[in-house]
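Subject: Structure for you to look at

Hi,

Here is the structure I promised to pass on. Please open it and keep it in view while you read. My notes follow below.

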Amino acid sequence: MKLLNNMKVGTKITLLVAALLLCIATAAGVGIYQLRQLDAQSDILYDNDMLALGAVKEATIQIGAMSRVVMNMALASGDRTGYRSAYEAGVESAARELRKVQNRLLTAESKDLFDRANKAFALLLPEQQKVMDKVEAVTPEETFAALAVARSYAIVADNLMTQLGDSIAKAGEERSRAM
């Protein structure tokens with residue numbers, strides 16, 4: 001206490017300002033640290049959720065496009081070679097998007113839905129191939145019967161992809177609330 005009483009007023013004010021600056025610097029450091037943590041968490045949310053949602057959406061679009069190509073091929077008359085190449089491009093694109101999704105799933109529900117959607121996609125492909133193979137070889141009635149079976153698989157795959165997207169979005173919302 002004597003040390004403080006023996007100090008000049010200017011020295012006391014300097015020490016007070018230094019102490020206040022130290023408190024401000026500490027508060028700023030804590031704030032910057034927390035902002036960096038928040039930034040890292042938002043990057044994780046974006047990488048795992050938004051990119052996964054985009055890939056699910058794109059895969060769903062490609063599955064729908066593949067179904068339309070198969071249907072258009074069944075209804076077309078004349079040369080159908082362009083339909084097969086468009087279909088194969090759709091298959092490659094959908095498979096690529098599904099691979100993107102697989103590595104970004106964090107919840108057990110999402111992983112289960114992905115497995116089911118992936119199996120439905122795997123079941124859909126041979127059915128669509130059957131339709132394309134039957135188009136020129138059998139009667140229109142048999143082609144449309146095969147088309148109906150393939151369409152039912154496409155509906156299942158589409159519904160599962162929609163559920164998967166909803167699951168990813170729900171998990172992302174829960175994680176963002178926890179931040």
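In this predicted model, helices α2 and α3 run roughly antiparallel to each other. Their axes cross at roughly 160 degrees, and over 145 counts as roughly antiparallel, hence the label. The two axes come within 8 Å. Helix α2 covers residues 9-75, and helix α3 covers residues 81-102. Their crossing is left-handed.

Which residues make this contact? From α2 come A52, A55, V56, E58, A59, Q62, I63, M66, V69, V70, N72 and M73. From α3 come Y83, R84, A86, Y87, G90, V91, S93, A94, E97, L98, K100 and V101. By class, 16 are nonpolar, four are polar and four are charged.

Take a look at Q62. This residue sits in helix α2. Is Q62 buried or exposed? Q62 is buried, because its relative accessible area is 16% and the cut-off is under 20%. Leaving out residues up to four places away in sequence, Q62 touches G90, S93 and A94.

Now follow α2 to helix α4, residues 108-134. The axes of α2 and α4 come within 10 Å and cross at roughly 15 degrees. That angle makes the two helices roughly parallel. Here too, the crossing is left-handed. On the α2 side, the contact uses I63, M66, S67, V70, M73 and A74. On the α4 side are F121, L124, L125, Q128, V131 and M132. This contact has 10 nonpolar residues, two polar ones and no charged ones.

Best wishes

Technical notes:
Residues are numbered from 1 along each chain as its sequence is written. This is a predicted model: local features need pLDDT of at least 70, side-chain atom pairs count only at pLDDT 80 or more; totals for chains, interfaces and linings use all residues. Side-chain values use heavy atoms; hydrogens and water are left out. Axes are lines fitted to C-alpha atoms, for helices over the stretch in contact, and angles run from 0 to 180 degrees between N-to-C directions. Helices (H or I, at least four residues) and strands (E, at least two) are DSSP runs, numbered from the N terminus. Angles under 35 degrees count as roughly parallel, over 145 as roughly antiparallel, 65 to 115 as roughly perpendicular and the rest as oblique. A crossing is left-handed if the near helix is turned anticlockwise from the far one by less than a right angle, and right-handed if clockwise. Contact means heavy atoms within 4.5 Å. Ala, Val, Leu, Ile, Met, Phe, Trp, Tyr, Cys and Pro count as nonpolar, Asp, Glu, Lys and Arg as charged, and the others, Gly among them, as polar. Buried means under 20% relative accessible area, exposed over 50%, partly exposed in between (1.4 Å probe, protein chains only).
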